Amino acid sequence: MAQRRRIKTDYGPYKYAAFHLLLARWLRHYALDTSYRYVTLGGTELRDVQSIYFIEPGLASRAMSLENDHERYKLGEATAERVRNVGLMVETVEQDFFDFERDGDEPHLFFLDLEGICALADYHLRFAEMFRKAALRERDAIFITSHLGHNPGWKRIFSAFDAEFRILGLVDPANKRTWYRLAHPSFTLFRALSHANLQDEIALSCFGCVEYRDKSPMALYGYVVEEGTTPFPTFVRNTPHFHVNNGYA
Ligand SMILES: C[S@@+](CC[C@H](N)C(=O)[O-])C[C@H]1O[C@@H](n2cnc3c(N)ncnc32)[C@H](O)[C@@H]1O
């Protein structure tokens with residue numbers, strides 16, 4: 001029987017524990033003393049936008065939620081109407097995240113809150129385009145959610161990221177699996193930088209990989225974008241790791 005498509009985007013508490021841990025780390029160590037524009041995939045419930053607004057209304061006063069699914073966009077619009085009662089003026093736009101265009105010079109905090117895997121498809125090309133047109137640029141930060149289960153099979157992953165594993169000096173399959181979990185969106189972002197030929201102009205740092213369990217194993221990754229260079233092994237190896245359900249264990 002065909003599976004019914006889930007329209008409403010609602011998730012368990014661990015997702016938001018991961019989001020708030022990473023947000024706290026960013027705010028304490030990396031956020032600049034200025035106002036940001038918040039650009040997210042808020043889905044139908046805009047839960048992350050509401051959190052951001054509670055923490056810092058100023059940050060969410062320039063909040064935009066992008067949605068490429070028409071049904072979800074309509075529900076997101078209805079949620080936006082409801083939260084206007086508390087003063088949260090979030091803008092909901094039916095558009096693909098990667099087509100985002102800036103209209104101001106303030107730094108941006110992006111949340112690419114994916115349900116799937118941030119690797120292997122054409123994400124590196126889409127990010128390369130964002131870097132090239134400076135839609136994602138120095139002084140920005142980006143959070144990315146990626147799915148850790150149902151991968152397309154380790155054989156395919158080992159072969160797709162053979163170059164990355166070689167540069168990292170990883171031979172043992174268990175080590176490869178560990179670093180794939182900790183860093184596959186970093187592999188994607190580094191490929192994007194290389195594709196745009198910007199790896200000697202932009203410094204990417206990963207300030208956290210926070211794993212959590214929702215309906216499946218997931219992780220949230222946080223990055224800051226600065227001027228400088230991105231040496232791939234250091235970029236990947238310096239990833240701080242935490243597990244919402246297990247802590248450091
Ligand atoms: C995980 S849900 C968002 C949940 C939301 N952040 C929350 O915490 O309430 C991700 C949403 O982004 C949409 N989406 C996925 N990829 C997208 C893209 N490239 N551009 C725009 N929307 C996208 C999905 O349809 C889905 O509604």
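The model is predicted, so local features need pLDDT of at least 70 and side-chain atom pairs count only at pLDDT 80 or more, while totals for chains, interfaces and linings use all residues. Residues are numbered from 1 along each chain as its sequence is written, and side-chain values use heavy atoms, with hydrogens and water left out.

Helices here are DSSP runs of H or I with at least four residues, strands are runs of E with at least two, and both are numbered from the N terminus. Helix α1 has 17 residues and spans 24 Å from its first C-alpha to its last, close to the 24 Å expected at 1.5 Å a residue; the expected span is 1.5 Å times one less than the number of residues. Lys 15, Tyr 16, Ala 18, Phe 19, Leu 22, Leu 23 and Trp 26 of α1 are buried. Buried means under 20% relative accessible area, exposed means over 50%, and partly exposed is in between, using a 1.4 Å probe and protein chains only. Looking down the axis of α1, the buried residues fall within an arc of 155°, so they line one face of the helix. That arc is taken from the directions running from the helix axis to the C-beta atoms. As background, an α-helix has 3.6 residues a turn, so residues three or four places apart point the same way.

What sits over that buried face? The cover includes β1 (37–40), α2, β4 (108–113), β5 (141–147), β6 (202–213) and β7 (217–227). The face of α1 turned away from the buried side carries the exposed residues Pro 13, Arg 28 and His 29.

Ser 51 sits in helix α2, which covers residues 47–55. With a relative accessible area of 15%, Ser 51 is buried. Leaving out residues up to four places away in sequence, Ser 51 touches Phe 19 and His 20, where contact means heavy atoms within 4.5 Å. Ser 51 and His 20 are 31 residues apart along the chain, and their C-alpha atoms are separated by 8.4 Å.

Out on the surface, Leu 27, Phe 54 and Ile 55 make up a nonpolar patch with about 340 Å² of accessible area together. Patches are built from residues with over 30% relative accessible area and no salt bridge, joining like charges within 9 Å and nonpolar side chains (Val, Leu, Ile, Met, Phe, Trp, Tyr) within 5 Å. The areas come from the Shrake-Rupley method with a 1.4 Å probe, and for residues only the protein chains shown count as cover. Leu 27 belongs to helix α1 (residues 13–29) and is partly exposed, at 39% relative accessible area.

Thr 188, in helix α8 (residues 173–195), is buried at 4% relative accessibility. Its contacts, not counting residues up to four places away in sequence, are Cys 118, Ala 119, Tyr 123, His 124 and Phe 127. Glu 211 lies in strand β6 and is buried too, with a relative accessible area of 6%. Beyond its neighbours within four places in sequence, Glu 211 is in contact with residues including Leu 148, Arg 181, Met 218 and His 241.

Next come the backbone angles. Most residues other than glycine have a negative phi. Leu 120 is not a glycine, yet it has a positive phi of about 75°; its place is in the loop between β4 and α5 (123–132). Arg 139 also has a positive phi, near 85°, and sits in the loop between α5 and β5. Both are partly exposed, Leu 120 at 30% and Arg 139 at 45%.

Finally, the salt bridges. A pair counts when a side-chain nitrogen of Lys or Arg is within 4 Å of a carboxyl oxygen of Asp or Glu, and the count comes to 17. Glu 164 pairs with Arg 191, their closest N and O atoms being 2.6 Å apart. Glu 164 lies in helix α7 (residues 162–167) and Arg 191 in helix α8, so the pair ties together parts that are 27 residues apart in sequence. Glu 164 is buried at 7%, whereas Arg 191 is partly exposed at 28%. Asp 10 forms a salt bridge with Arg 6, with closest N and O atoms 3.4 Å apart. Arg 37, Arg 62, Glu 91, Asp 103 and Glu 106 are linked in a network of salt bridges.
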